[in-house]
Protein chains: 2
Amino acid sequence: MSLYKAPLGDIRFVLFDLLGAAEEYARLGHADATRDVLDAVLDEAARFTETVLAPLNETGDRIGCTFDKATGAVTTPSGFREAYAQFVEGGWTGLVSPVEFGGQGLPYSAGVPLKEMIDAANLAWGNFPLLSHGATDALLHHGEDWQREVFLKPLVDGRWTGTMCLTEPHCGTDLGLLKTKAVPNDDGTYSITGTKIFITAGEHDMTDNIVHLVLAKLPDAPAGSKGISLFIVPKFKVARDGTLGEANAVRCGSIEHKMGIHGSATCVLNFDGAQGYLIGQPNKGLMAMFTMMNTARLGVGVQGLGLSDRAWQNALRYSRERLQSRALSGAKFPDKPADPIIVQPDVRRMLLTCKALVEGGRALSYFAGLQVDIAERAPTEEERQQADALVGFLTPIVKACLTEWGVECTYHALQCFGGHGYIAEHGMEQLARDARITTLYEGTTGIQALDLLGRKVMQLQGAGLKQFLGLITRFCDACTAGTQPGSEAAAEFIGPLREKVAQWQQMTLQIGQRAATNPEEIGAASYDYLMYSGYVALAYCWARSAAAAQASTQTEAFRQAKLETARFYFARILPRTLTHAAAISSAAVTLTALDEAAFDA
Amino acid sequence: MSLYKAPLGDIRFVLFDLLGAAEEYARLGHADATRDVLDAVLDEAARFTETVLAPLNETGDRIGCTFDKATGAVTTPSGFREAYAQFVEGGWTGLVSPVEFGGQGLPYSAGVPLKEMIDAANLAWGNFPLLSHGATDALLHHGEDWQREVFLKPLVDGRWTGTMCLTEPHCGTDLGLLKTKAVPNDDGTYSITGTKIFITAGEHDMTDNIVHLVLAKLPDAPAGSKGISLFIVPKFKVARDGTLGEANAVRCGSIEHKMGIHGSATCVLNFDGAQGYLIGQPNKGLMAMFTMMNTARLGVGVQGLGLSDRAWQNALRYSRERLQSRALSGAKFPDKPADPIIVQPDVRRMLLTCKALVEGGRALSYFAGLQVDIAERAPTEEERQQADALVGFLTPIVKACLTEWGVECTYHALQCFGGHGYIAEHGMEQLARDARITTLYEGTTGIQALDLLGRKVMQLQGAGLKQFLGLITRFCDACTAGTQPGSEAAAEFIGPLREKVAQWQQMTLQIGQRAATNPEEIGAASYDYLMYSGYVALAYCWARSAAAAQASTQTEAFRQAKLETARFYFARILPRTLTHAAAISSAAVTLTALDEAAFDA
């Protein structure tokens, strides 16, 4: 079994030394989110995830969820239900929800480390409470008062969980094609009929009720994505006073057999005239759903981070323990039968790649999380708008890059184990299988790439990109001027960073020019543009981390580790941008020239 | 379930148009290996693998091998045993074995397409006959006459299978650490005692007997890898006349629960004073084992190829069928509810990456296979030596790169399916799980990298590298001179190819110079050097393929597909060498600077 120890040291470094979160929260009016409170939350989250969730990870994979065809019931793996009860008991479900609905009102970004720890400890389990956040957000922003009163409070206090019912057998990415129908009833409710698939936590045994948020079409709806509405469909009907009524006409038809996250129930849900309530405006459901999707996407990025971190922790431990061969420059531990494999430069290459992507990814995702709070609470409208543009811009990068890196890090970590990594008992292969879902759900990497380049950069005239490049440039300027604390540690990275900023701008212009005559240029450049963006964003995070560590009261070893890992990143990972830039410059023709029929000529 | 259709068109193109195998075989004295014979073998291999093996792939994964603790017996998944009987019946086991031992005597490289098809159809099943080849080679080259008579013939005709027993719980890469003991008996036999793990096909129900080739130490053996001997240890004792005797003291202790290849039995074997026969010289066992390992490594490379091919076939089919969204430049199929996703440039990026790596990898591995035949049969000693150097040089490249690309192609192919790729029923996730073993067994990618750069390039003064660069340069010269058939189609690739040849030479020199003062430079550069080599080797294959297609009688669509895929490869895949070259130039310090204890400071 793989072990898990919450990386509190680096989490605190990122939150407090790098991002100055405690001061930011004070500035944003989060008076309760003091350093003491946050420290206590982190300690307790570490304890809960390490001791309650992590031990259930392997059994959850081995046992999985089971489905009873006769009753439509889903039973979660042994221990999952009890762990959820403890989670509710501890008040975790409402950590970042508004106080008026029973939450603890902490900033969004203060919940990100909790999410990282949950996902590292037990990704499959984490999917049950996860989806409640999306439902909570949708209700907060688009629900009527009575809907909030009836549905939001039990979601916040964890008595119920939520789902997002989007996908149907014939449509995932292209929701305009969906067939689920909503017919209005005389009493203001709607009758929902259709089949939804891939519904995470669509059915389970953890709570009394489940609140489904369902996309469906009204009878007179316009065709395509402009004719989609969002409905609340509870598993058990609920009276306006909140008491539970009879079972609604929604039933789990089966659960999927998947590559991984076996402990997470992925359900087919059949709605057969189920009673639902319209949430938000008719035909504006996609907009409301996007509210849920944005934070869900950041959350999936953090899943990639959590899995990467757990994988690399175990690879590091194994690489220190496993004795095999000698260093090429001579035995490092002549008293042992062989040297630990961590003396091998190629093993270090894999470990350092993980370390650079994990710690860099942590900085990037927590930074994006902090922008969510700034977008919500900053004193000026201008600052809120800027932060909002940044969140929109960073969301596809965090989602796609951190999950791609999750696949990569679990790959390297398994590889460090050699053949033993392929054997179930070490737990490394589970991490690799679990990680594989993260580049698929909540929009594949390709969809994130189109969202970034097509929508966030091209359609929105690069508002978020300009914000982000401005931040990098101001950081570089401050380092050059020596006004950035710890700037001496970042000095060597400023030149390369400025070069990438210039190249990024130029590339964006070139794609825009090409796209003016050929719209396919957007799709053709999108993936490489996305990854390029992710690597430059991480370079910024690493340069800042080197500076922040230098300026901090961290140990000398910690500061040195940040500096050397930053050097490794700039020397060996950032050059991946060369490949992506070359691919982008080759333009769409290299992808579109081959006739579709000739692919297997 | 994923489908499989043997890619006979491209297999024939590579064998006959690109490599001129029929003419080569005639030149090497393989009079029986005519085009007609080879065509018949390919057709029949396609039929067998498509209709017998491929349908068992999914059930093999789902059922897996089962182990009976009471008897130590392993039962293979339903249908596996019967398929093996058909395989033996068809004479496939001895396809490339010498006629004098009952084989059909075809050239080694004529067996590579069969292996590709087997691995694509059913990798787990393919591991049962696979290991017999290693045992066959070891017996052919190092066995005594009676050993060949008694053990070789049943291996060739498939009545028995073979194993390679190297790994022990505490040692895999570093065989010098092994503990299994061989004590000489008065009758010339040896008593073998110890535990071996990860023994593929170590126990099963397909044949009457299993011939284990076991590494062990004699009582007076020198320490380390110079004190290892190789022994034949049959599951059932065998009299000199070949009749089976009583069970030997070797027993399967358990089978591993693995990420994939569930249908392949990965055994713990306990030798408890089992009767064995020394093969080859005492303490020279590692050398004999390397004979087995080299062809096994080429074989594992072909496993990566087979899985990649099957994965991409299915991704192509799905991308043509799945209707979702519209092309950014406007609907391509306005009569359908949405366009097939193959119109999306980013989907084409994934498909073309697979196509380029699959077809390029096929050319590279078949080319390496042909060198095995040339090394064995060429008319002059000089040519045989040159080919032998090439085989040694190309083996780690084929093994490591084709398996890394196997992981990559199964990744892209699954990604084309979106969330459906993660569901077992589509079969794509099995291909990804199965592929994951190939970068681990028979030496991890890191071990191949050290073999290439440390041994094949540095220790052997680059004999194989010089051969290979000479081949590329001669091809470029012939294209420039217009004497290469089809050279006009390759013209645009010659400049980039020459540049890479020059950079490859220069990089090799630089690493050598740095390694003179710091041996860690070898390990630090090895992985990136390996991948760099693979990408340039593939560029050579693609330039040759474009030319060979142009000069062939293939259809215009086929020739166009080769040319456009070559263009795609040079524009979007070959630039990966930029990243690898940058990593190499950053030298060892970027990997060794961080103190081991500070990795998690």
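Over residues 283–451 of chain A, the chain is 72% helix and 0% strand, with the end C-alpha atoms 22 Å apart. The model described here is a predicted one. UniProt, in an unreviewed entry, lists these residues 283–451 of chain A as "domain: Acyl-CoA dehydrogenase/oxidase C-terminal".

### Annotated spans of chain A

Two further spans of chain A carry names from the record. The feature "domain: Acyl-CoA dehydrogenase/oxidase N-terminal" is placed by UniProt (unreviewed entry) at residues 40–158 of chain A. For "domain: Acyl-CoA oxidase/dehydrogenase middle", UniProt (unreviewed entry) gives residues 164–272 of chain A. The table sets out the computed values for each span.

| Span of chain A | Helix | Strand | Distance between end C-alpha atoms |
|---|---|---|---|
| Residues 40–158 | 62% helix | 5% strand | 21 Å |
| Residues 164–272 | 0% helix | 47% strand | 17 Å |
| Residues 283–451 | 72% helix | 0% strand | 22 Å |

### Helix pairs within a chain

Two packed helices are described by the angle between their axes and the distance between the axes. In chain A, helix 10 (residues 381–416) packs against helix 12 (residues 445–459) at an angle of about 160 degrees, and their axes are 9 Å apart. Angles over 145 degrees count as roughly antiparallel, and helix 10 of chain A and helix 12 of chain A are therefore roughly antiparallel to each other. Helix 10 of chain A passes helix 12 of chain A in a left-handed crossing. On the side of helix 10 of chain A, the contact includes A:F393, A:P396, A:I397 and A:K399; among the residues they meet in helix 12 of chain A are A:D451, A:L452 and A:K456. By class, the contact of helix 10 of chain A with helix 12 of chain A has 6 nonpolar, 3 polar and 4 charged residues.

In chain B, the axes of helix 13 (residues 463–481) and helix 14 (residues 487–517) come within 9 Å and cross at roughly 150 degrees. That angle makes helix 13 of chain B roughly antiparallel to helix 14 of chain B. The crossing of helix 13 of chain B with helix 14 of chain B is left-handed. Helix 13 of chain B contributes residues including B:L465, B:F468, B:L469 and B:I472 to the contact, while helix 14 of chain B contributes, among others, B:I494, B:L497, B:V501 and B:W504. This contact of helix 13 of chain B with helix 14 of chain B divides into 12 nonpolar, 5 polar and 2 charged residues.

### A helix pair between the chains

Helix 17 (residues 576–585) of chain A packs against helix 17 (residues 576–585) of chain B, with axes 7 Å apart and an angle of about 160 degrees. The two helices, helix 17 of chain A and helix 17 of chain B, are therefore roughly antiparallel. Their crossing, helix 17 of chain A with helix 17 of chain B, is right-handed. A:R576, A:L578, A:T579 and A:A582 in helix 17 of chain A meet B:R576, B:L578, B:T579 and B:A582 in helix 17 of chain B. The residues of this contact of helix 17 of chain A with helix 17 of chain B comprise 4 nonpolar, 2 polar and 2 charged.

### Salt bridges

Side chains of opposite charge can pair when their charged atoms come close. Over all chains, the count comes to 76 salt bridges. One salt bridge joins the side chains of A:E24 and A:R27, at 2.9 Å from N to O. Both A:E24 and A:R27 lie in helix 2 (residues 21–27) of chain A, where they are 3 residues apart, about one turn of the helix.

Notes
Residues numbered from 1 in each chain as written. Chains lettered and ligands numbered in written order. Predicted model: local features only at pLDDT ≥ 70, side-chain atom pairs only at ≥ 80, totals over all residues. Heavy atoms only, no water. Axes fitted to C-alpha atoms, helices over the stretch in contact; angles between N-to-C directions. Helix = DSSP H or I, 4+ residues; strand = E, 2+ residues; numbered from the N terminus. Parallel < 35°, antiparallel > 145°, perpendicular 65-115°, else oblique. Left-handed = near helix turned anticlockwise from the far one by under 90°. Contact = heavy atoms within 4.5 Å. Nonpolar A, V, L, I, M, F, W, Y, C, P; charged D, E, K, R; others polar. UniProt positions renumbered as here; feature names shortened; annotations may be inferred. Salt bridge = Lys/Arg side-chain N within 4 Å of Asp/Glu carboxyl O.
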